[in-house]
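Subject: Structure handover

Dear colleague,

My notes on it follow.

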Amino acid sequence: MTDRGARTAALGDARESPAAAGRLERVSTRAWSRHKTIGSAVRAAKAGTVISVAAGVYREQLVVDRSVTIVAEDTSGTVELVCPQGPALSVRSGHAVVRGLTIRGPRPGAAAVSVGAGALTLEDALITGGSIEVGGGSSATLHRCAVEDTSAAALAAVDGARVQAYDLRIERVDGVGVFADGAARVELTRATMNALRSVGVSVAGTATAILDSCDVGHVGSAGLEVTAGGQARVTESSFHDVGGDGVRVTGSAAFGSGWWPPLRPGQAPAGGASDPGGAGGVTLDRCRIDRTEEAGLLLHGPAQMSVTGTTVDRAGTAGALAGGTSRLALADSRITNSTQTAVAIRDDAELRCTGVTITDSAANGVYAAGGQTVLRDCEIRRSALTAMHLLGTATVTVVGGVVDGTPEVGIRAVGRSLLHMHGSAIEAAGVRGVDIGETADAVLRRVTITGGKVGVRVETPHRPLLEDCQIQDVAQTGVEIAAGGAPTVVRVRVSGSGAAGVFIDEDATPMLEDCEITGVGGSGLAVWGGARPLIRGLTVTRCQKNGLYFGPGAGGKVVDAEVAETAYPAVFVGAEAEPAFVRCHVRDTDEDVTEADGARPTYDGCWSTDVASAKLPAAADDVVTVPGRTTPKPGKPGEDTAAGSLDTLLAQLEALVGLTRVKKDVGTMVKLVQMVKRRREAGLSPPPLSRHLVFAGNPGTGKTTVARLYGQLLAALGMLANGHLVEVDRGTLVGEYVGHTAPKTQAAFRRAIGGVLFIDEAYALVPEGQGSDFGQEAISTLVKLMEDHRDEVVVIVAGYPEQMEHFIAANPGLSSRFSRTLTFDDYSAAELVGIVEVQAAEHQYRVSDDARATLMRYFGTVSRGDGFGNGRFARKVFQQMTEQHAGRVTELDDPSDDQLSTLEDADFTSIDFDIRG
């Protein structure tokens with residue numbers, strides 16, 4: 001039925017059954033009409049009366065104070081209600097239904113329709129030259145109405161008013177389309193707004209706006225604006241051709257509790273984007289924001305917004321910009337073709353994105369200058385500048401997702417920013433995949449970087465972590481560690497790089513563990529002068545140059561490496577370079593080692609197989625002989641080969657000088673471990689066994705030596721897989737920024753799995769007077785790891801006796817795990833002499849009787865203050881005696897073998913610097 005037919009039927013019903021419809025009053029400008037004004041008919045009407053108005057212009061100020069229905073008699077004509085002084089229609093009580101009228105206000109900035117109390121249902125009406133104002137506790141329902149050619153707000157609801165509008169059209173407004181303030185509530189369904197000078201929908205105070213299937217376009221300031229404590233729910237709506245921001249929120253009510261659970265740095269929210277539920281904040285669901293001159297989404301101040309399934313296209317500045325203390329959750333949305341940065345975060349704002357696609361921004365894809373950002377399963381593609389740029393104090397966590405196609409850097413972190421990236425991919429970054437600046441920090445886990453020039457560049461000394469990452473097919477270097485850089489690189493694979501797989505610049509001190517470099521166009525690992533890397537478990541194959549290149553003056557240590565199939569010599573050591581190679585294997589290449597003049601490398605347990613020109617020995621059945629040293633035969637890279645038989649190890653322990661109490665305690669523990677094994681084999685429950693130990697003693701009392709033997713003893717007893725020793729201190733475990741300590745501690749602990757983690761000067765983790773120190777985080781991390789790997793690692797903490805008591809008391813979990821303390825007594829004078837004699841025997845010297853007596857007298861009187869070094873002090877005495885001996889013997893014309901090997905009293909008394917006090 002047409003609108004006209006419906007109205008005619010309603011009038012017919014009123015004529016035929018006045019009792020059913022109340023009464024019927026007619027209004028006409030004709031001379032014979034009973035009512036020539038609508039107001040006259042209203043005054044004559046009773047509740048429920050239908051007032052039929054004939055076509056014409058009615059110049060009056062209509063006040064409705066009862067429940068009546070006012071309808072245009074015939075839709076073919078026009079009923080105009082015009083008032084030059086005030087609102088043409090005022091509702092003060094009752095429920096007024098007004099249908100089919102054109103209502104003209106007194107002027108564009110004044111009210112044409114005012115509802116101060118009661119309720120108004122307005123249908124098929126045109127409001128022009130004025131606005132609709134609803135206030136107090138009143139309500140208004142609008143069906144198929146239009147508001148045109150007015151100023152201020154076309155529709156205003158304030159002070160707790162309730163407005164529902166269906167198919168509302170607002171055009172040519174010199175101000176706001178819809179304004180809600182106070183505790184008002186406005187619900188708009190299928191509303192269209194066009195040609196507005198200011199804001200489409202403005203929500204202030206504690207008001208609420210609900211928009212469903214609305215279209216807001218060609219507005220001057222913002223499509224939707226929420227301020228103060230307002231809230232808005234927007235579904236399947238469009239904001240386009242906006243002279244300012246698409247949606248602007250500078251303050252809002254808060255969402256319900258649990259919507260925004262706090263996160264630790266690097267932690268991503270579980271599941272998808274946060275579901276706000278309930279009231280509060282601003283939500284956009286399946287909306288579209290197009291062609292804004294400023295930001296597509298703008299949040300600032302205490303604003304909260306949840307955006308789902310929404311597209312922001314061709315924003316004039318940022319696609320989404322969050323600042324102040326705002327919180328923005330984006331899910332399953334797209335931000336495309338932004339004229340500037342697609343997503344920008346600053347101040348203390350927080351952003352959480354899930355399944356968001358960011359494409360074709362004219363600047364950065366994501367720009368974080370502060371706050372906290374979490375991106376889960378997001379895509380950032382074709383950014384004109386760096387895809388993700390972090391600076392200031394920004395913390396950004398990236399979980400899953402892809403960064404693809406930028407001519408600059410995939411992700412760059414500078415300032416004091418912190419990057420966490422897990423299970424993600426970076427592709428085709430023109431310059432570098434990841435760039436970590438000199439004061440920034442980062443944790444990268446399971447990240448794949450493909451293409452571009454450089455995979456990862458690290459400048460910071462703050463020990464960023466790269467773990468389980470893959471870097472492939474880059475044009476230049478896979479991992480570039482700049483001067484002074486100090487990353488921890490664990491299980492990283494570099495393949496197909498055009499130049500070096502890993503480049504370590506001057507004075508860098510990185511740690512590499514269980515990494516692989518293969519198929520590179522330059523050297524596998526290149527170390528520059530002054531750099532001191534620690535490298536364990538490295539595999540290097542198929543390099544077009546050297547496998548390991550140590551430039552002039554370079555140093556460091558390489559343990560358990562395998563180098564194969566290199567076009568140049570597998571290992572190159574430059575002039576004055578002094579790297580140490582331990583249990584390294586070279587195979588399947590023409591030449592294993594090349595050393596420049598003045599090179600000072602050391603090789604411990606290294607060997608070559610299938611090498612045409614070899615300097616390193618071939619593997620024998622039992623031992624490998626290296627110049628100056630005989631060591632056990634190495635196994636495969638990563639295998640511990642130091643542990644011997646139980647009897648041999650106990651003999652080595654017994655052969656140590658002094659340490660009577662320690663030897664007895666270790667012997668007791670060995671017997672206890674043996675009993676544990678026997679009872680288990682017999683199916684009996686084992687006695688309690690605490691393998692973790694406290695070593696309390698002054699410096700130089702043999703703590704590290706005993707710790708190494710203890711690990712080997714446990715390995716010989718089958719209680720540890722390898723028994724190797726990993727020695728760390730506070731600097732190895734504690735980071736400098738929030739979120740840095742736990743990864744560093746975890747990396748050190750992982751290296752010790754199967755062996756002993758030896759923490760020297762452990763009391764430094766809890767310095768006096770620093771309750772908020774990051775050392776407490778390292779302790780908490782260790783306690784948890786010790787529980788998770790209780791049968792895989794032994795932890796030994798060492799330090800001065802008094803300070804170790806303070807350390808154990810610092811965390812409740814420590815006292816239960818470190819229930820046994822081994823006390824290392826200072827060496828007596830005779831024991832210090834014995835250490836000198838052991839050192840002499842190891843280096844094919846002997847100590848004369850006179851020298852022995854002099855040393856005994858000296859060690860008995862030497863000052864033993866806080867800095868006294870015990871065994872280290874004795875070894876230093878021996879070293880200086882050998883230097884004095886060399887100076888004395890070289891002056892002899894033809895010294896005998898006895899003279900060449902005997903340290904005399906004169907070699908001690910002639911020391912010319914203050915080693916003796």
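Arginine 144 is partly exposed, at 38% relative accessible area (buried means under 20% relative accessible area, exposed over 50%, partly exposed in between, with a 1.4 Å probe and protein chains only). This is a predicted model, in which local features need pLDDT of at least 70 and side-chain atom pairs count only at pLDDT 80 or more, while totals for chains, interfaces and linings use all residues. Residues are numbered from 1 along each chain as its sequence is written, and side-chain values use heavy atoms, with hydrogens and water left out.

The phi of arginine 144 is positive, about 55°, although the residue is not a glycine. Most residues other than glycine have a negative phi. Arginine 144 sits in the loop that runs between strand S14 (139-143) and strand S15 (146-157); helices (H or I, at least four residues) and strands (E, at least two) are DSSP runs, numbered from the N terminus.

Aspartate 507 is another non-glycine residue with a positive phi, near 60°. Its place is the loop between strand S56 (502-504) and strand S57 (511-513).

**Salt bridges**

A salt bridge here is a side-chain nitrogen of Lys or Arg within 4 Å of a carboxyl oxygen of Asp or Glu. By this rule there are 52 salt bridges. Side chains of opposite charge can pair when their charged atoms come close.

- Aspartate 347 and arginine 346 meet through their side chains at 4.0 Å, N to O. Aspartate 347 is partly exposed at 38% relative accessibility, and arginine 346 is partly exposed at 36%.
- Arginine 352 and glutamate 350 form a salt bridge at 3.9 Å, N to O. Arginine 352 is buried, with a relative accessible area of 3%, and glutamate 350 is buried with 19%.
- Aspartate 435 pairs with arginine 432, and their closest N and O atoms are 2.6 Å apart. Aspartate 435 is buried at 0% relative accessibility.

There is also a network: Glu148, Asp149, Arg169, Glu171 and Arg172 are joined into one by salt bridges that share partners.

**A parallel sheet**

Five strands make an open sheet with parallel pairing, in the order S74-S75-S76-S73-S77 (two strands pair if DSSP finds at least two bridges between them). Strand S74 (725-728) and strand S77 (821-824) are the edge strands, each pairing on one side only. From one strand to the next the twist averages 20°; axes are lines fitted to C-alpha atoms, for helices over the stretch in contact, and angles run from 0 to 180 degrees between N-to-C directions.

Within this sheet, strand S75 (residues 756-759) and strand S76 (residues 794-799) run parallel and are joined by 4 bridges. Valine 756 has valine 794 of S76 opposite.

Helix H6 (residues 703-716) has 14 residues and spans 20 Å from its first C-alpha to its last, close to the 20 Å expected at 1.5 Å a residue. The expected span is 1.5 Å times one less than the number of residues. H6 is largely enclosed by the rest of the structure, because 10 of its 14 residues are buried. Among them are Val706, Leu709, Tyr710, Leu713 and Leu714. After H6 comes glycine 718, with a positive phi near 80°.

Threonine 854 is located in helix H13 (residues 849-861) and is buried at 11% relative accessibility. Its side chain makes a polar contact with the side chain of aspartate 905 at 2.3 Å. A polar contact is a pair of N or O atoms within 3.5 Å; within protein, one must be able to donate a hydrogen and the other to accept it, and residues adjacent in sequence count only if both atoms are side-chain atoms.

**Cysteines**

How many disulfides does the structure hold? The count is 0, a disulfide being a pair of cysteine sulfur atoms within 2.5 Å. For cysteine 145 the closest cysteine sulfur is that of cysteine 214, 14 Å away and therefore too far for a bond. Cysteine 145 is buried at 2% relative accessibility. Cysteine 515 is in no disulfide either, with the nearest cysteine sulfur, in cysteine 469, 9.5 Å away. Cysteine 515 is buried at 5% relative accessibility.

Regards
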